[in-house]
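Hello,

Here is the structure I promised to pass on to you. Have a look at it first, and then read on for my notes.

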Amino acid sequence: MEKNKFNVLLTILGVLLSTIFLLSSCNDNGDEPNPEPTGPTAYEFPTPAYFPTNLNIPDDNPTTVEGVKLGRYLYYDGRIAGRTDCDSMISCSKCHVQEKGFVSSDPNGKGIGVMGFGPGTTVMPHVNFLYRIPSHFGWNGSVSSIEEDATAVFLLENEFATTHERAIKMLESIDIYPPMFKAAFGTEEITIERISKAIAQFMRTLISYNSKFDKWLRHEIPSLSPAESRGFEFLMSEKADCFHCHGQFALLSTYEFSNNAKDSVFVGLDDRFSITGDPMDKGAFLTPTLRNVELRNSFMHDGRFKTLREVVDFYSEELVNSPYVDPLMEWIYYGGTHLTELEKDDLIAFLKTLTDYEFISNPNFSKPADLDTGCK
């Protein structure tokens with residue numbers, strides 16, 4: 001009796017092992033291949049040292065390989081505003097040029113919309129948006145997300161000057177886009193929400209983290225030059241007084257709003273006060289990052305300075321006092337920090353170490369080679 005039970009157990013075990021072997025053999029031989037993964041592929045972001053780990057990715061717009069690809073095409077496609085005439089095409093890339101660190105290549109640093117005029121302020125760089133928490137964009141912080149910004153530009157007269165319906169109809173007529181929307185979002189349906197989400201996904205991949213300064217921080221190069229090292233010490237000291245707003249090593253900005261003592265009259269400004277109504281926000285604008293600052297053609301929200309030297313001279317000798325100046329401007333009562341000419345040279349030498357040549361030449365951030373709009 002016991003022997004029969006033992007034999008039964010052996011038989012059951014043999015059947016189980018045979019079944020497992022057969023299933024394994026089918027998968028190995030390709031007779032019954034494992035099912036293909038469905039849905040978009042999660043995008044893997046780099047994790048550079050010293051950078052924040054809290055990321056600005058909304059729950060309803062996860063970053064995917066397919067979404068980023070679609071967003072990159074849309075970012076560079078001048079037909080996105082619903083026009084095919086070469087003189088009237090416009091895209092994000094018209095005002096955000098990779099070789100300039102994704103700011104305007106125009107001499108005044110300001111964007112020019114399809115109607116021939118722009119918003120009147122300089123173009124802020126599309127860089128390191130992935131780490132922008134709290135999330136507020138534009139010089140006065142009127143935009144709360146990248147998706148919101150990408151949606152709004154279509155309707156603005158000083159930017160795309162079109163309608164959402166016109167943009168959608170145009171993209172529906174271009175063969176490459178319905179399949180790309182399906183790959184990114186599951187169906188070929190094109191909506192303004194999906195357009196904006198894809199562009200935002202691409203913009204979150206625009207991460208600059210390989211400047212000379214970054215490589216020095218990571219000990220990938222032995223040292224900065226003597227002038228660059230002195231400039232870094234000045235930036236992080238009370239002497240130059242830069243670090244309060246730009247001392248964060250990764251982002252090189254607090255992304256807070258500040259009146260940095262440019263003016264004493266605040267009438268008709270599109271400043272933070274125009275958004276909040278708080279009198280202490282008069283003349284306050286978002287602090288931009290210093291990354292790739294050497295590449296810009298103009299500086300401050302209105303582009304009043306054309307060179308880094310002019311900017312350093314302003315903070316050194318030309319501060320303008322008012323009741324609304326940020327308390328962190330510790331040298332305001334002296335009219336500036338009063339750097340020597342050598343100190344100014346050293347500070348500028350350091351600022352140039354923040355240029356990320358890999359970022360401005362990365363082919364993954366450039367116009368797709370096979371994107372043909374029929375125009376140069």
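**Helix packing and a few residues**

Let me start with α12 and α13: these two helices are oblique to each other, since the angle between them is about 130°. Please keep in mind throughout that this is a predicted model. Helix α12 covers residues 308–317 and helix α13 covers residues 341–351, and their axes lie 10 Å apart. Their crossing is right-handed. On the α12 side, the contact is made by Leu308, Arg309, Val312, Asp313, Ser316 and Glu317. From α13 come Glu341, Lys344, Asp345, Leu347, Ile348 and Leu351. By type, the residues of this contact split into six charged, five nonpolar and one polar.

While you are looking at α13, which of its residues are buried? They are Glu343, Lys344, Asp346, Leu347, Ile348, Phe350 and Leu351. The cover over these buried residues of α13 includes α12, along with α8 (212–217) and α9 (226–235).

The other helix pair I would point you to is α2 and α6. Helix α6 takes in residues 177–185, and it packs against α2 at an angle of about 145°, with the two axes 8 Å apart. Here the crossing is left-handed. Glu66, Gly67, Lys69, Leu70, Tyr73 and Leu74 are the α2 residues that take part, and they meet Tyr177, Met180, Phe181, Ala183, Ala184 and Phe185 of α6. What is the make-up of this contact of α2 with α6, in nonpolar, polar and charged residues? It has nine nonpolar residues, one polar and two charged.

Next, two serines. Ser88 sits in the loop between α2 (65–76) and α3. If we set aside its neighbours within four places in sequence, Ser88 is in contact with Arg83 and Val114.

Ser93 belongs to helix α3, which runs over residues 92–95. Is Ser93 buried or exposed? Its relative accessible area is 15%, so Ser93 counts as buried, the cut-off being under 20%. The side chain of Ser93 also makes a polar contact, at 2.7 Å, with the side chain of Ser91. Leaving out neighbours within four places in sequence, the contacts of Ser93 are with Tyr75 and Tyr76.

Finally, there are two backbone angles to check when you have the model open. Phe102 is not a glycine, yet it has a positive phi of about 65°. You will find Phe102 in the loop between α3 and α4 (146–152). With a relative accessible area of 0%, Phe102 is buried.

Asp241 is the other one: its phi is near 65°, again a positive value in a residue other than glycine. Asp241 has its place in the loop between α9 and α10 (243–246).

Best wishes

Note on methods: Residues are numbered from 1 along each chain as its sequence is written. This is a predicted model: local features need pLDDT of at least 70, side-chain atom pairs count only at pLDDT 80 or more; totals for chains, interfaces and linings use all residues. Side-chain values use heavy atoms; hydrogens and water are left out. Helices (H or I, at least four residues) and strands (E, at least two) are DSSP runs, numbered from the N terminus. Buried means under 20% relative accessible area, exposed over 50%, partly exposed in between (1.4 Å probe, protein chains only). A polar contact is a pair of N or O atoms within 3.5 Å; within protein, one must be able to donate a hydrogen and the other to accept it, and residues adjacent in sequence count only if both atoms are side-chain atoms. Contact means heavy atoms within 4.5 Å. Axes are lines fitted to C-alpha atoms, for helices over the stretch in contact, and angles run from 0 to 180 degrees between N-to-C directions. Angles under 35 degrees count as roughly parallel, over 145 as roughly antiparallel, 65 to 115 as roughly perpendicular and the rest as oblique. A crossing is left-handed if the near helix is turned anticlockwise from the far one by less than a right angle, and right-handed if clockwise. Ala, Val, Leu, Ile, Met, Phe, Trp, Tyr, Cys and Pro count as nonpolar, Asp, Glu, Lys and Arg as charged, and the others, Gly among them, as polar.
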